[in-house]
Amino acid sequence: MSLITLKRVYEKIASFNQDSYLVDRLWPRGISKAKLTGVAWLKEVAPSNELRQWYHEHLDEWDIFYQNYQQELENNPAIIPLYQKLKDNEPITLLYGSRDLKHNHAIVLRDFLLNKLKQNNSAS
């Protein structure tokens with residue numbers, strides 16, 4: 001079982017577990033706060049407004065977006081709660097609103113967290 005599960009917030013799910021985190025900067029359109037009861041909204045881990053807007057204008061530049069978002073995450077203290085859970089071997093679910101299941105910021109965030117965990121485990 002993977003430590004990190006990615007789920008689109010628009011999927012039909014009865015309820016989300018307590019270790020679910022909405023990682024979009026903007027609240028997902030059409031989703032009530034009641035539907036996400038118990039889900040922590042970590043909008044600070046999402047790409048900056050500038051990077052998010054740039055990517056929406058350059059959807060064919062996935063690799064550049066991926067690298068730039070990884071760099072933003074490197075200096076972002078908002079990842080600490082997520083990283084700590086993973087370090088304690090607690091699985092988490094990252095929720096996102098993007099329609100693109102293969103090219104979205106939650107994938108970059110997942111990869112970043114898993115790489116950081118792997119680096120720290122190999123350094124131990």
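Where does Asn89 lie? Select it: Asn89 is in the loop between helix 3 and strand 4. Helices (H or I, at least four residues) and strands (E, at least two) are DSSP runs, numbered from the N terminus.

Before going on, a word on what's on screen. This is a predicted model, where local features need pLDDT of at least 70, side-chain atom pairs count only at pLDDT 80 or more, and totals for chains, interfaces and linings use all residues. Residues are numbered from 1 along each chain as its sequence is written, and side-chain values use heavy atoms, with hydrogens and water left out.

**Stop 1: Asn89**

Check the backbone here: phi of Asn89 is near 65°, a positive value in a residue other than glycine. Asn89 has 57% relative accessibility, so it counts as exposed. For the whole tour, buried means under 20% relative accessible area, exposed over 50%, and partly exposed in between (1.4 Å probe, protein chains only).

**Stop 2: helix 3**

**Stop 3**

Two strands pair if DSSP finds at least two bridges between them. Contact here means heavy atoms within 4.5 Å. Axes are lines fitted to C-alpha atoms, for helices over the stretch in contact, and angles run from 0 to 180 degrees between N-to-C directions.

**Stop 3: strand 4**

Select residues 92–96, which are strand 4; 5 bridges join strand 1 to it, and the two run parallel. Look for Lys7, whose bridge partner in strand 4 is Leu95, and Thr5, whose partner there is Thr93. Strand 2 also pairs with strand 4 in the parallel sense, over 3 bridges, and Ser20 has Thr93 as its bridge partner in strand 4.

Are the residues of strand 4 buried or exposed? 5 of the 5 are buried, so strand 4 is largely enclosed by the rest of the structure. Ile92, Leu94 and Tyr96 are on one side, with Thr93 and Leu95 on the other.

**Stop 4: helices 1 and 2**

Finally, select residues 49–57 (helix 1) and 62–74 (helix 2): they pack at an angle of about 175°, with their axes 10 Å apart. Helix 1 and helix 2 are therefore roughly antiparallel to each other (angles under 35 degrees count as roughly parallel, over 145 as roughly antiparallel, 65 to 115 as roughly perpendicular and the rest as oblique). Show the side chains: Leu51, Trp54 and Tyr55 in helix 1 meet Trp62, Ile64, Phe65, Asn68, Tyr69 and Glu72 in helix 2.
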